[in-house]
Amino acid sequence: MIDFDQARAQHLQAIDSVFAQTDRINSLIEQVVRSLQTGGKVLWCGNGGSAADAQHMAAELMVRYVKNRRPLASIALTTDSSILTAHTNDFEFESVFARQVEALAKPGDVLMSLSTSGNSRNVVLAQQQAKKMGVFCAALTGAQPSLLSAEADLAFQVNSNETARVQEAHSLINHLLCEGLDQVFS
């Protein structure tokens, strides 16, 4: 049977760590607003559940979150099956996001890197490529020190080592970002 009290405690620990980072969340909102107001875009990447979150968040910006507003330039690097399969067939999986960053990003854009471990090689390489190009890099990770969190311009480390709890907290961070964008762009 599921220990609901333990699950709740782990969830609240992760969520509380998000609210302990409100200054960072506001900084992220400001950075994304600056990028979008100057013709930039937000790129998202991650693997597995984080890939699904990347796709979800790109849609929230492009379509709408709560308020009807103009579309905000955003793309998930996880969604084009032809690019993903061609690249991994012709090269390797590790550089699949970095190559897309190289082709699509420009200085002033924002890369949102999602990884519960913070050490997913393909996400790390995307962030490294983005930094070379003058792209602002935000990393969402779990509690452990990681390559992503160490090298990001802005890192959100969720206080949990449980993948599900980290992903729940990442969703909250991303939804708070959307709420901030709704306030600015409505």
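This is a predicted model: local features need pLDDT of at least 70, side-chain atom pairs count only at pLDDT 80 or more; totals for chains, interfaces and linings use all residues.

Modeller: Contact here means heavy atoms within 4.5 Å. Not counting residues up to four places away in sequence, Met-112 touches Leu-28, Val-42, Leu-43, Trp-44, Cys-45, Ala-138, Leu-140, Asn-174 and Leu-177. Several of these names return in the description of the largest nonpolar core, which has 35 residues. Those with the most contacts inside this core are Leu-28, Val-32, Val-42, Trp-44, Met-112, Leu-177 and Leu-181. At least two residues of the core are supplied by each of α1, α2, β1, α3 (49–62), β3, β4 (136–141), β5 and α8. The largest share comes from α8, with eight residues.

Helix α1 (residues 4–19) and helix α8 (residues 163–185) meet at an angle of about 35°, their axes lying 9 Å apart, and their crossing is right-handed. On the α1 side the contact is made by Ala-7, Gln-10, His-11, Ala-14, Ile-15, Val-18 and Phe-19; on the α8 side it is made by Arg-165, Glu-168, Ala-169, Leu-172, Ile-173 and Leu-176. Sorted by class, the contact of α1 with α8 has nine nonpolar, two polar and two charged residues.

Gln-127 is placed in helix α6 and counts as buried because its relative accessible area is 1%, against a cut-off of under 20%. Its contacts, not counting residues up to four places away in sequence, are Leu-111, Ser-113, Cys-137, Ala-139, Leu-147, Leu-148, Glu-151 and Ala-152.

The charged side chains complete the picture. Side chains of opposite charge can pair when their charged atoms come close. In the whole structure, six salt bridges are found. One of them joins the side chains of Asp-109 and Lys-41 at 2.8 Å, N to O. This pair links distant parts of the chain, 68 residues apart: Asp-109 lies in the loop between α5 (96–104) and β3 (110–114), and Lys-41 in the loop between α2 (22–37) and β1 (42–45). Asp-109 is buried, since its relative accessibility is 0%, and Lys-41 is buried as well, with a relative accessible area of 18%. Asp-109 also forms a salt bridge with Lys-106, at 3.6 Å, N to O; Lys-106 is partly exposed, with a relative accessible area of 34%.

The side chains of Lys-131 and Asp-153 form a salt bridge at 2.8 Å, N to O. Lys-131 is in helix α6 (residues 121–132), whereas Asp-153 is in the loop between α7 (147–151) and β5 (154–157), so that parts of the chain 22 residues apart are linked. Both residues are partly exposed: Lys-131 has 34% relative accessibility, and Asp-153 has 38%.

Technical notes: Residues are numbered from 1 along each chain as its sequence is written. Side-chain values use heavy atoms; hydrogens and water are left out. A salt bridge is a side-chain nitrogen of Lys or Arg within 4 Å of a carboxyl oxygen of Asp or Glu. Helices (H or I, at least four residues) and strands (E, at least two) are DSSP runs, numbered from the N terminus. Buried means under 20% relative accessible area, exposed over 50%, partly exposed in between (1.4 Å probe, protein chains only). Axes are lines fitted to C-alpha atoms, for helices over the stretch in contact, and angles run from 0 to 180 degrees between N-to-C directions. A crossing is left-handed if the near helix is turned anticlockwise from the far one by less than a right angle, and right-handed if clockwise. Ala, Val, Leu, Ile, Met, Phe, Trp, Tyr, Cys and Pro count as nonpolar, Asp, Glu, Lys and Arg as charged, and the others, Gly among them, as polar. A nonpolar core is a set of buried Ala, Val, Leu, Ile, Met, Phe, Trp, Tyr and Cys residues joined through side-chain atoms within 4.5 Å.
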